[in-house]
Amino acid sequence: MKLNAVMQVEEPAPGAGDRVFLMFHGYGNSEKEMVSILDAVAEPLPADAKPSYFSFQAPFRRPYIGGYSWYSKKSDGLTRRAACDEVGNALVSLLESPLFAGRRLTLMGFSQGAFLSYRLVQQWPDLFDTAVLLSPSFKEDEDDSSAIAGLGSTTKFILAYGTADTQIPAEDQARCRRVLSATGRCTELTYEGMGHAVCKDEIEDLRRLLF
């Protein structure tokens, strides 16, 4: 698999530090979605301290109405896992570049892209410094103990949901919280009245936590 991305790569600067964001959009969107979110989070930073990022476009184009997906909404657990694993293998090959040497790697995704980010931590449990999971779909097919055990010992998680999110079933949200909180490395964020979206308070919290 070849990963397509838009990118901005800067030398480490005082505001942005040595962090590189690896970003994955939600179902039916494109790589521009995550760039818009990160731009909002980093908006107050001076021009010479903007964060470095790679924002990836999913490989599957939706017919007729456009946009992209990382896997079909109707796919089973094995198919989802295989799709995420294929992205992960391509990503890790990219990360072998000297460009990433010594940098903190931060995953950030929305919805499907957030579940993909979770799966990448499962695949490479000690590679990523932080995983920011925004309103993740959570169709995990492992039992809780196996899922928790696969999340390594170093990656920190930021997990955010809105109380009015009807796209992600309540039981999936609860299970995601349960699995990630069991690591002892998860910061949970909840936004009253927010649907399957991103809100101003969420942007401000991410700014505080990441910069």
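Does Y64 count as exposed or buried, and at what relative accessibility? At 85% relative accessibility, Y64 counts as exposed, where exposed means over 50% relative accessible area, buried under 20% and partly exposed in between, with a 1.4 Å probe and protein chains only. The structure is a predicted model, in which local features need pLDDT of at least 70 and side-chain atom pairs count only at pLDDT 80 or more, while totals for chains, interfaces and linings use all residues. Residues are numbered from 1 along each chain as its sequence is written, and side-chain values use heavy atoms, with hydrogens and water left out.

Y64 is located in the loop between β4 (60-61) and β5 (68-69); helices (H or I, at least four residues) and strands (E, at least two) are DSSP runs numbered from the N terminus. Its backbone has a positive phi of about 75°, although Y64 is not a glycine. Most residues other than glycine have a negative phi. A positive phi also occurs at S111, a residue other than glycine, with a value near 60°. S111 lies in the loop between β6 and α3. With 8% relative accessibility, S111 counts as buried.

The sheet is considered next. Seven strands form an open sheet with mixed pairing, in the order β1-β3-β2-β6-β7-β8-β9; two strands pair if DSSP finds at least two bridges between them. The edge strands, each pairing on one side only, are β1 (4-8) and β9 (186-191). On average, neighbouring strands of this sheet are turned by 15° against each other, direction ignored. Axes here are lines fitted to C-alpha atoms, for helices over the stretch in contact, and angles run from 0 to 180 degrees between N-to-C directions.

Within the sheet, strand β6 (residues 104-110) pairs in the parallel sense with strand β2 (residues 19-24) over six bridges. In this pairing F21 stands opposite T106 in β6. Strand β6 also pairs with β7 in the parallel sense, over five bridges. The bridge partner of F110 in β7 is L134. Five of the five residues of β7 are buried, so β7 is largely enclosed by the rest of the structure. Both faces of this strand are covered, with T130, V132 and L134 buried on one side and A131 and L133 buried on the other.

Helix α2 (residues 77-95) lies across β2, β3 (52-57) and β6, and runs at about 155° to β2. Helix α3 (residues 112-123) packs on the sheet and touches β2, β6, β7 (130-134) and β8 (156-162), contact meaning heavy atoms within 4.5 Å. The direction of α3 makes about 145° with that of β6.

Two packed helices are described by the angle between their axes and the distance between the axes. The axes of α2 and α3 come within 9 Å and cross at roughly 70°. That makes α2 roughly perpendicular to α3; angles of 65 to 115 degrees count as roughly perpendicular, under 35 as roughly parallel, over 145 as roughly antiparallel and the rest as oblique. The crossing of α2 and α3 is right-handed, a crossing being right-handed if the near helix is turned clockwise from the far one by less than a right angle and left-handed if anticlockwise. The contact involves R81, C84, D85, V87, G88, N89 and L91 of α2, together with F115, L116, R119, L120 and Q123 of α3. These residues divide into six nonpolar, three polar and three charged. Ala, Val, Leu, Ile, Met, Phe, Trp, Tyr, Cys and Pro count as nonpolar, Asp, Glu, Lys and Arg as charged, and the others, Gly among them, as polar.

For helix α1 (residues 31-41) and helix α6 (residues 200-210), the axes come within 8 Å and cross at roughly 70°. The two helices α1 and α6 are therefore roughly perpendicular to each other. Helix α1 passes α6 in a right-handed crossing. In the contact, I37, A40 and V41 in α1 meet I203, L206 and R207 in α6. The residues of this contact divide into five nonpolar, no polar and one charged. The buried residues of α1 are E31, E33, M34, V35, I37, L38 and V41. What covers them includes β1, β2, β3, β6, β7 and α6.

S146 is placed in helix α4 (residues 144-149). With a relative accessible area of 31%, S146 is partly exposed. The C-alpha atoms of S146 and V179 are separated by 9.6 Å, the two residues being 33 residues apart along the chain.
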